[in-house]
Amino acid sequence: MNYTAEVTNMCPVAKGAYHGPAPIPEEGKWVQAKEIKDISGFTHGIGWCAPQQGACKLTLNVKEGIIEEALVETIGCSGMTHSAAMASEILIGKTLLEALNTDLVCDAINTAMRELFLQIVYGRTQSAFSEGGLLVGASLEDLGKGLRSQVGTMFATREKGPRYLEMTEGYCTQIAMNADNEIIGYEFLSFGKMMDFIKGGMDAKEAMEKATGHYGQWEGAAKYIDPREE
């Protein structure tokens with residue numbers, strides 16, 4: 001260690017008591033985090049790219065400083081899906097510090113990593129007060145049985161009004177309207193369920209019918225329209 005002449009000529013003064021860092025909540029216990037291996041937690045958050053044209057929801061499960069689980073969900077541009085594929089390979093097995101200083105291909109994913117790092121090292125994780133934390137694989141529970149991201153896609157114009165294209169339940173196939181042309185319900189197709197039925201040997205048409213459901217005042221509507229055609 002090299003010191004300037006001014007520091008070298010100073011007389012030493014004892015520091016006194018050292019109490020360490022303030023403890024943070026981690027998986028049901030209070031931890032004085034001094035090294036990366038002291039950090040554990042499950043959390044998720046959002047990142048965005050520089051032109052703000054795409055976003056990433058990143059979910060991480062960190063155990064003793066190592067990323068054991070990563071869920072990468074993106075929306076906004078076609079290239080982000082391929083970036084997410086690469087990031088999912090890059091993230092697992094890295095320490096938090098390594099991941100923070102790794103190119104995760106997409107600016108939105110990098111930003112999400114930065115935001116999650118702040119949550120995790122400050123003890124603001126989803127599992128902060130959960131004893132033992134969450135099991136590796138917990139992020140899949142947010143996706144449901146069909147293992148599909150929960151996406152909402154709506155389009156609207158002042159001239160023609162709104163069109164429901166995709167809801168949490170699935171792909172919107174029809175919109176139900178009353179006599180005043182107000183939306184009162186919709187029909188949806190759950191792609192995850194449909195694909196499970198087909199993989200189980202069911203005919204595609206039957207699988208589609210079985211995976212179709214309705215929400216709202218579907219029965220007795222004045223008319224039904226296909227949001228992609230009318």
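Colleague: How big is the largest pocket, by volume?
Modeller: The largest pocket comes to about 380 Å³. A pocket here is an open set of points on a 1 Å grid over the protein atoms alone, where a 1.4 Å probe fits, with protein on both sides within 12 Å along at least five of seven lines. The volume is the space filled by probe spheres set on the points, which are joined across faces, edges and corners.

Colleague: And is this a predicted model, and what are the ground rules?
Modeller: This is a predicted model, where local features need pLDDT of at least 70 and side-chain atom pairs count only at pLDDT 80 or more, while totals for chains, interfaces and linings use all residues. Residues are numbered from 1 along each chain as its sequence is written, and side-chain values use heavy atoms, with hydrogens and water left out.

Colleague: Which residues lie nearest the centre of the largest pocket?
Modeller: Gly146, Thr168, Glu169, Ser190 and Lys193, out of 24 lining residues; lining means having an atom within 4 Å of a point. Strand 7 (161-167), strand 8 (170-177), helix 6 (191-199) and strand 10 (212-216) each give two or more residues to that lining. Helix 6 has the largest share, with 4 residues. Helices (H or I, at least four residues) and strands (E, at least two) are DSSP runs, numbered from the N terminus.

Colleague: How many of the lining residues are charged?
Modeller: 7 are charged, next to 8 nonpolar and 9 polar. Asp, Glu, Lys and Arg count as charged, Ala, Val, Leu, Ile, Met, Phe, Trp, Tyr, Cys and Pro as nonpolar, and the others, Gly among them, as polar.

Colleague: Switching topic: what order do the strands of the open sheet take?
Modeller: The order is 3-4-5, with antiparallel pairing; strands pair if DSSP finds at least two bridges between them. Strand 3 (41-48) and strand 5 sit at the edges with a single partner strand each, so one side of each has no neighbour in the sheet.

Colleague: How many bridges between strand 4 and strand 5?
Modeller: 9, joining residues 55-63 and 66-75. Val62 has Ile67 as its bridge partner, and Leu58 stands opposite Val72. The two strands make a hairpin with 2 residues between them, and Glu64 in the turn has a positive phi of about 50°.

Colleague: Which strands does helix 2 lie across?
Modeller: Helix 2 (residues 78-91) lies across strand 4 and strand 5, at about 175° to strand 5. Angles run from 0 to 180 degrees between N-to-C directions, with axes fitted to C-alpha atoms, for helices over the stretch in contact.

Colleague: Last one: what does Asn178 contact, beyond its neighbours within four places in sequence?
Modeller: Ile184 and Ala222, where contact means heavy atoms within 4.5 Å. Asn178 is in the loop between strand 8 and strand 9 (183-189).
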